[in-house]
Amino acid sequence: MLYLAYQLQSDFMTPVRAWAGMAVNAGGPPLLSDHPAVRNLTAVYELIARAGLTHTRPPFAIDSITVGNREVEVREEVAAATPFGTLLHFKKDVTTAQPRVLMVAPLSGHFSTLLRATVRTMLPDHDVYITDWHNARDVPLTAGRFGFDEYIDHLIKFLEVMGPGTHVLAVCQPCVATLAATAVMAQDGNPAQPRSMTLMAGPIDVRVNPTTVDDLARKQTIEWFERTLTASVPLRYPGAFRRVYPGFVQLAAFMSMNVDRHVKAHRELYENLANGELEKAATTKAFYDEYFAVLDLTAEFYLETVRIIFQEYALPLGKLEWHGQRVDPSAIRRTMLLTVEGERDDICAVGQTVAAHDLCTKLRPYLRRHHMQPGVGHYGVFSGKRWESQIYPILKNVILSSD
């Protein structure tokens with residue numbers, strides 16, 4: 001009933017939001033359009049029109065990038081695809097070969113465009129690919145299951161498509177699967193195993209400095225998560241009857257962690273619109289356009305992630321398996337490892353990501369590096385001024401030195 005209740009509420013609000021949107025676009029009489037009362041009313045209409053979620057991926061909208069001293073066109077090309085995800089290539093016409101980088105986007109309720117700023121920063125110096133995960137509610141049941149093993153399968157396949165010499169960068173939730181995929185490839189002697197692996201703000205060992213998220217996952221049984229937080233996709237969608245962890249549930253969980261901040265942001269948005277400060281309003285709207293675009297996860301992937309990472313601590317305890325084969329991070333000997341953490345991260349606390357170094361025991365010292373960025377929270381690790389000016393130069397140097 002969880003998904004049906006959400007759908008009914010969404011259907012009820014759709015005409016209301018549409019009416020408010022038309023009211024915003026209609027504006028007021030020309031002579032009164034700048035009157036404070038009209039601006040206040042228009043601001044209210046716009047907030048109502050925006051009070052909803054979308055379930056389709058927003059565009060990356062990266063049409064060109066500056067490489068050296070010239071502007072270069074960027075084209076999105078599909079390098080590989082499955083029902084559950086696309087290997088998306090940001091193709092550029094440059095004369096000099098650049099290091100190939102697979103950027104592993106989180107599959108945790110938002111689309112890969114959450115890393116738009118990360119992609120934009122890396123594009124001038126790298127040949128960038130990204131895992132563009134699909135919305136599970138749009139994947140038919142005939143496509144089969146997509147769990148933790150299948151996620152690792154995708155990473156291995158994508159690295160093989162990109163070929164030997166690729167570098168991999170994982171942000172947040174996929175750090176465990178990325179480390180596991182790299183270990184499996186090393187164990188098998190796969191020539192496509194990455195030259196460098198960067199793990200940013202990921203839950204490698206959540207026993208270290210547990211956060212509120214970690215405590216919740218530990219306190220409830222996996223049966224509780226399945227019973228309370230998963231639902232069947234309604235009949236109207238291609239993935240009808242597939243069990244999913246709805247993106248709107250994950251969004252609600254994220255917002256509940258910082259309710260005051262989101263309320264303040266929307267209050268300021270109203271004030272900016274009412275006062276005609278459109279540039280400030282545009283920044284807030286751009287953030288929430290992305291934040292309110294949600295995708296559903298398959299129930300099996302969500303539940304296995306909770307169980308394997310947050311309840312069983314399978315990777316740090318040496319118990320993680322992939323299709324029945326034990327995953328051994330000590331097999332990684334040739335891949336340079338960089339871990340990055342944020343001082344104020346309340347999702348993946350300091351110490352959880354650097355734990356990867358304790359698992360990759362056969363890596364020589366010159367193939368290891370860790371960076372803890374002062375003054376940033378979770379999102380500041382991969383977006384914002386400190387990412388661009390302080391974290392990215394370290395990442396760029398690691399890739400160049402191991403390319």
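This dialogue explains how to read several features of the predicted model shown above.

Reader: On what basis are the values given?

Author: The model is predicted, so local features need pLDDT of at least 70 and side-chain atom pairs pLDDT 80 or more, while totals for chains, interfaces and linings use all residues. Residues are numbered from 1 along each chain as its sequence is written, and side-chain values use heavy atoms, with hydrogens and water left out.

Reader: Is strand 7 buried or exposed?

Author: Buried means under 20% relative accessible area, exposed over 50%, and partly exposed in between (1.4 Å probe, protein chains only). Strands are DSSP runs of E, at least two residues, numbered from the N terminus. In strand 7 (residues 196-200), 5 of the 5 residues are buried, so the strand is largely enclosed by the rest of the structure. Ser196, Thr198 and Met200 lie on one side, and Met197 and Leu199 on the other.

Reader: In what sense do strand 6 and strand 7 pair?

Author: Two strands pair if DSSP finds at least two bridges between them. Strand 6 (residues 167-171) and strand 7 are parallel, over 5 bridges; Leu169 has Thr198 as its bridge partner.

Reader: How many aromatic pairs does the structure hold?

Author: Rings of Phe, Tyr and Trp (its six-membered ring) pair if their centres lie within 6.5 Å; planes under 30 degrees apart count as stacked, over 60 as edge-to-face and the rest as tilted. The structure holds 12 such pairs. Trp224 and Phe225 form an edge-to-face pair, 5.1 Å centre to centre with 85 degrees between the planes. Trp224 is partly exposed at 22% relative accessible area, whereas Phe225 is buried at 3%.

Definitions and conventions:
Helices (H or I, at least four residues) and strands (E, at least two) are DSSP runs, numbered from the N terminus.
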